Amino acid sequence: SIDMVEKIQTGKLITLNETPYVLIEFAFDEEPWWIEAIIDELQGARLVPILAHPERYFCVQEDPGLLSEWRMQGAQAQMNKGSILGRFGREIERTAEILLKNHLFTCIASDAHHAYIRTTDMKELEYYLQRHYSLTEQERLLKQNPLSILRGIPIKNER
């Protein structure tokens, strides 16, 4: 992990749009204490970790409150659109619902892997959000926070 900070500082790893924001992905079976340690380490280097799809981490599925703790610690969180749409199973969908309802996600991304599978198309997600969340929440997750990340400015209070 110290290696990760060094690689960012030397340009071997890059931040998002040359901002302090760093998208970081953990193994699904990662231990919560390790995630917390990495968050601390990145913040010590004046970087802002964005946790990729924490709803898919087993420890968060067992204890969704962990994401609240990591958010209070200063991390941001990005949900995969497929998680809330049931693409990865009911347990991940349930966890995503809990985290979304508690305003623990900073933004939602496509997690696109291919042009035809897990694509960048966000229409189905937008439809889901329109049915379940306010326009303000939709704007926060899909426009305002992603724009703040790209500009390298602090994320405003979620609520």
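**Basis and confidence**

Residues are numbered from 1 along each chain as its sequence is written, and side-chain values use heavy atoms, with hydrogens and water left out. Because the model is predicted, local features need pLDDT of at least 70 and side-chain atom pairs count only at pLDDT 80 or more, whereas totals for chains, interfaces and linings use all residues. The predictor's confidence in each residue is expressed as pLDDT, on a scale from 0 to 100. The protein has an average pLDDT of 93, and 97% of the residues score at least 70. Among the elements of the protein, the lowest mean pLDDT, 85, belongs to helix α1 (residues 2-9), and the highest, 98, to helix α3 (residues 58-62). Helices (H or I, at least four residues) and strands (E, at least two) are DSSP runs, numbered from the N terminus. Where pLDDT is low, the predicted coordinates should not be read in detail.

**Salt bridges**

The structure holds seven salt bridges, each defined as a side-chain nitrogen of Lys or Arg within 4 Å of a carboxyl oxygen of Asp or Glu. The table gives some of them.

| E97 | R90 | 3.8 Å |

Accessibility is classed by relative accessible area: buried means under 20%, exposed over 50%, and partly exposed in between (1.4 Å probe, protein chains only). E91 and R94 lie three residues apart in helix α6 (residues 90-101), about one turn of the helix. E91 counts as partly exposed because its relative accessibility is 38%, and R94 is likewise partly exposed, with a relative accessible area of 28%.

In helix α8 (residues 135-151), R140 and E137 are separated by about one helical turn because they are three residues apart. Both R140 and E137 are buried.

**The buried face of helix α4**

Helix α4 (residues 65-72) has L66, L67, W70 and R71 as buried residues. Seen down the axis of α4, these buried residues fall within an arc of 140 degrees, so they line one face of the helix; the arc is that of the directions from the helix axis to the C-beta atoms. The cover over the buried residues of α4 includes α2, β2 (48-52), α3, β3 (76-80) and α6. After α4 comes G74, which has a positive phi near 115 degrees.

**Loop residues**

N17 is exposed because its relative accessible area is 53%, and E18 counts as exposed at 78% relative accessibility.

F28 lies in the loop between β1 (21-24) and α2 (32-44). At 30% relative accessibility, F28 counts as partly exposed. Not counting residues up to four places away in sequence, F28 touches H53, R56, Y57 and F58, where contact means heavy atoms within 4.5 Å. F28 and E91 are 63 residues apart in sequence, with a C-alpha to C-alpha distance of 13 Å.
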